[in-house]
There are 2 protein chains.
Amino acid sequence: MSEVITAVYEITAEDPAGRAALVAVEQSHELPTELSPANAVRDSLAHVREVVERPGRPALVTVDYPAGLAGGELGQLLVLLLGNVSLQDGVRLVDVTLPAVLAGALGGPRLGVAGIRSLVAEPAGALLATALKPVGMTSEQLAALARDVAAGGLHVVKEDQSLANQPWAPFAERVPRVAEAVRAANPHTVYLPVVNGGAAGFAEQVRFARRAGAHGVLVMPGIAGFGALAHAAELFDGGIVLAHPSFLGGFTASESHGIAPDVLFGTLLRLAGADASIFPSWGGRFSLSRDQCLAIASAARRPLPGVAPMLPTPGGGMSIDRAPELLDAYGPDTLFLVGGDLRRGGDPRRAAERLVAAVRPG
Amino acid sequence: MSEVITAVYEITAEDPAGRAALVAVEQSHELPTELSPANAVRDSLAHVREVVERPGRPALVTVDYPAGLAGGELGQLLVLLLGNVSLQDGVRLVDVTLPAVLAGALGGPRLGVAGIRSLVAEPAGALLATALKPVGMTSEQLAALARDVAAGGLHVVKEDQSLANQPWAPFAERVPRVAEAVRAANPHTVYLPVVNGGAAGFAEQVRFARRAGAHGVLVMPGIAGFGALAHAAELFDGGIVLAHPSFLGGFTASESHGIAPDVLFGTLLRLAGADASIFPSWGGRFSLSRDQCLAIASAARRPLPGVAPMLPTPGGGMSIDRAPELLDAYGPDTLFLVGGDLRRGGDPRRAAERLVAAVRPG
């Protein structure tokens, strides 16, 4: 049998088998089979392998797609897995299995867990990050904050997704200033500015960030596109590519359509080339459950031939006090993102030191 | 008062006013106000202008964002309007109003309705399109199909989103062949290949399509990113940029979160630079209502200072028989996309002629 890409969907419908057949056609030929040329039916039509009805829960449907449909490209894989049916309620993508050749061809993280650990000189143990915010601070204010948290021992200083090229701290002024502040404060802290310029502006910003002494970039694939992660890695050789979930929540906010969070924030962003992937952890301001969050972490790190492990990066309302509990749940191969809680008390350096101590007991 | 970007959200929550305040902070500072520097609170914090509770329906909440938060960029405008709250259930973006200066700076369609009409030499009356599919057909088969429907009088031959660079009809082989077939069959038919290559591949494909004699490209902003529309227009000077909704449905498939279809497929894609925007029409395989579809068409065409009107492009299970009804509902400044129905009977040229006749009565 030829190689296949296998997708598992949860289908909520009165006739799950009928709906499954429609999904298979929609996602491959998008044309009734009887109207398709015989060679196309033979070579490129998807097939429903299994429909498992579950009382009181959505049916679990497995669809096999001829691997050639993805054309060896991540973007086309996404079209294939959910492109058109994303527009329909009742269909949720919950698992994906790729042939090893395709997974390897997509590339995945260039640095991944090991590469990031090497850059921050922390071979084991939890990794810690914070975000520079709020928008409206001047470049000087942001640089001072970055200096403080780097001196306090955080591994990663990333910019908030709300920063762009606004008048209060323009990109070309802010990035060199913050990079210099971080470098001076701690040689083992990395700084990741956010890049969100449109069209050719994206590449220019990534190149500028590299020249300015940043150690990688924060990218929002929901806005910049899924190809932007690999593009950033290509433009910023040796730099960290951190994915931010902004504008991706349409896929995960409902249980009856879209994409399971572990598939989106774990598997797909890893295949797309994120070295680390931010997602909203449970207990914060967002809606994911503990099980969903741990599944994301697991998908980020599980063995996948030819694809490096990605660093799961839980954030979204996390606190210093919760750090031990979260470390226990996620394990040390995790980048913990703590934002506002480092700002309470008015001494970010001390707060960063407390956070470091909280995950380095003894 | 300084200029503001105004967003209206439907909020489903027990305490809509409280939730509205959280949304305003999340989407601007993402930090409790008491932890923000005074200058940032003064300059860049969003404000809830109004909360209208409606019995049995979500509350209608109006938020004013300082216009500078968008930094003059479409991508950052999207971060601002829904970035993080897209990850939360119960918040739906239903309207956006921009200062004229910002709307004009974003650019919008380069060709729009008038530019497309000029390219297809059809100054008034309904415009007609079909899709080349299914994937798995050879380049020869696709070129023959394109020739037939162009000869039958269709204005636009676009490729299906399922086509990419697969072995059955590789991009570099297929695009010149189809372009030549269309050109030979009808000088007033335009051909729009799909471009979905990742990273640098996207720009290469757009440039290749232009050199090969295509008249523009089909772009999937849900995968290639929202900046890809303007990028394509920049790379393909004078070419049509047609937006496809693949992978955007997470935002519209539920009523309790995401983005109202007219805002997403109408306003936002128009601002992003689509000359025409495909959306799934009612009565087909997808879930949008008649009112939602007509609202998309209205958002595509309504006067917006400095932004050209965009051509609404309803598709998704449309038929020749429904053409008069749809023309009556949408009006003539519409690109009607008919796919599979042109293939019934095995003579696409005759079917195209019937479709043309159906919208040109008398």
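Two residues are in contact here if their C-beta atoms, placed from the backbone, lie within 7 Å. Helices are DSSP runs of H or I with at least four residues, numbered from the N terminus. This is a predicted model, in which local features need pLDDT of at least 70, side-chain atom pairs count only at pLDDT 80 or more, and totals for chains, interfaces and linings use all residues. Residues are numbered from 1 along each chain as its sequence is written, and chains are lettered from A in the order in which they are written.

In chain A, L145(A), D148(A), V149(A) and A151(A) of α6(A) meet P348(A), R349(A) and A352(A) of α14(A). By class, that contact has 5 nonpolar, no polar and 2 charged residues; Ala, Val, Leu, Ile, Met, Phe, Trp, Tyr, Cys and Pro count as nonpolar, Asp, Glu, Lys and Arg as charged, and the others, Gly among them, as polar.

Now the chains. How many residues of chain B are in contact with chain A? There are 77, and they touch 77 residues of chain A. On that side of chain B, α3(B) gives the most, with 6 residues. The class count there is 33 nonpolar, 35 polar and 9 charged.

A rotation of 180° with 0.0 Å of shift along its axis superposes chain B on chain A, RMSD 0.0 Å, by least squares on the C-alpha atoms of residues with pLDDT of at least 70 in both. That is the relation of a two-fold axis. In chain B, the C-alpha nearest the axis belongs to G225(B), 1.8 Å away. Of the interface residues of chain B, 100% are also interface residues in chain A, so the copies meet through the same surface.

Terms used: Helices (H or I, at least four residues) and strands (E, at least two) are DSSP runs, numbered from the N terminus.
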